Amino acid sequence: MEDFIIAANLEDLDAESKYLVHKAKEASHHAYAPYSKFMVGAAILLGDGKVVTGCNQENAAYPSGMCAERVALFAAASQHPEQRIVKIAVVAKRKSAKEILPATCCGSCRQVMLEFEQRQEGAIKVVMLNSDHQWIVASSVQSLLPFSFSKAHLEQGNDLHHT
Ligand SMILES: [Zn+2]
């Protein structure tokens, strides 16, 4: 499978991805983004077909805020722990504007998504709009985060220390 599908228009994406983008856009309306004014929504498709959404939650103490993707991921893990995550779409816009703006997942969200992918031992597809206004469907989080740090790094050499 190719790492990325790239489409010039949203209409060119598969129906499932388009639906998730639609749900992510809806979720962005609930974003709390008084500082950046950058309204981000994320929608996750679970194995049973349910959709869990999230939106960015900012805070006056900036680092205390949370990205839309992680809000959605943690909600999915909390509410549907038995379900695997199939795909996540992320969408950004300005308040009261219709236009979807380019916004790709930040490094921290990629790191968190990667661990979800490894936990479930199954790829998570990621749908987002890149800076060239192209829609990207990544076939896995791993493809978005090469040379990544993971649980395996923490565990290596443990056996040696115990002998
Ligand atoms: Zn993020």
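**Metal site, strands and helices**

Tutor: Let us start with Cys-67, which counts as partly exposed because its relative accessibility is 23% (buried means under 20% relative accessible area, exposed over 50%, and partly exposed in between, with a 1.4 Å probe and protein chains only). Before we go on, this is a predicted model, in which local features need pLDDT of at least 70 and side-chain atom pairs count only at pLDDT 80 or more, while totals for chains, interfaces and linings use all residues. Residues are numbered from 1 along each chain as its sequence is written, and side-chain values use heavy atoms, with hydrogens and water left out.

Student: OK, and which protein donors does the zinc ion have?

Tutor: The zinc ion has Cys-67 (SG), Cys-106 (SG) and Cys-109 (SG) as its protein donors, at 2.2 to 2.3 Å (donors are N, O and S atoms within 2.8 Å of the metal, or 3.2 Å for Na, K and Ca; water is not among the atoms, so sites may look incomplete). Along the sequence, the spacing of these donor residues is C-x38-C-x2-C. Cys-67 sits in the loop between strand 3 and helix 2 (68-79), whereas Cys-109 belongs to helix 3 (residues 107-120), so this pair ties together parts that are 42 residues apart in sequence (helices, H or I with at least four residues, and strands, E with at least two, are DSSP runs numbered from the N terminus).

Student: And is Cys-109 buried or exposed?

Tutor: Cys-109 is buried, because its relative accessible area is 0%.

Student: What else is buried in helix 3, and what does that packing touch?

Tutor: Besides Cys-109, the buried residues of helix 3 are Arg-110, Val-112, Met-113, Leu-114, Phe-116 and Glu-117. The buried residues of helix 3 pack against helix 2, strand 4 and strand 5 (contact means heavy atoms within 4.5 Å).

Student: Switching topic: how many bridges join strand 4 to strand 5?

Tutor: There are 3 bridges between strand 4 and strand 5, and the two run parallel (strands pair if DSSP finds at least two bridges between them). Between these strands the chain passes through helix 3, and this β-α-β crossover is right-handed, meaning that, with the strands pointing away from the viewer, the path from the first strand over the helix to the second runs clockwise.

Student: And which way do strand 5 and strand 6 run?

Tutor: Strand 5 and strand 6 run antiparallel and are joined by 4 bridges. Val-127 has Val-137 as its bridge partner in strand 6, and Ala-89 has Val-127 as its partner in strand 5. The hairpin of strand 5 and strand 6 has 5 residues between the strands, and there His-133 takes a positive phi near 60 degrees.

Student: Why is strand 5 described as largely enclosed?

Tutor: Strand 5 is largely enclosed by the rest of the structure because 4 of its 5 residues are buried.

Student: Last one: which residues of helix 1 are buried?

Tutor: In helix 1 the buried residues are Ser-17, Leu-20, Val-21, Ala-24, Ala-27 and Ser-28. They cover an arc of only 120 degrees around the axis, which puts them on the same side of helix 1 (the arc is that of the directions from the helix axis to the C-beta atoms). Among the elements that these buried residues pack against are strand 2 (38-46) and strand 3 (51-55).
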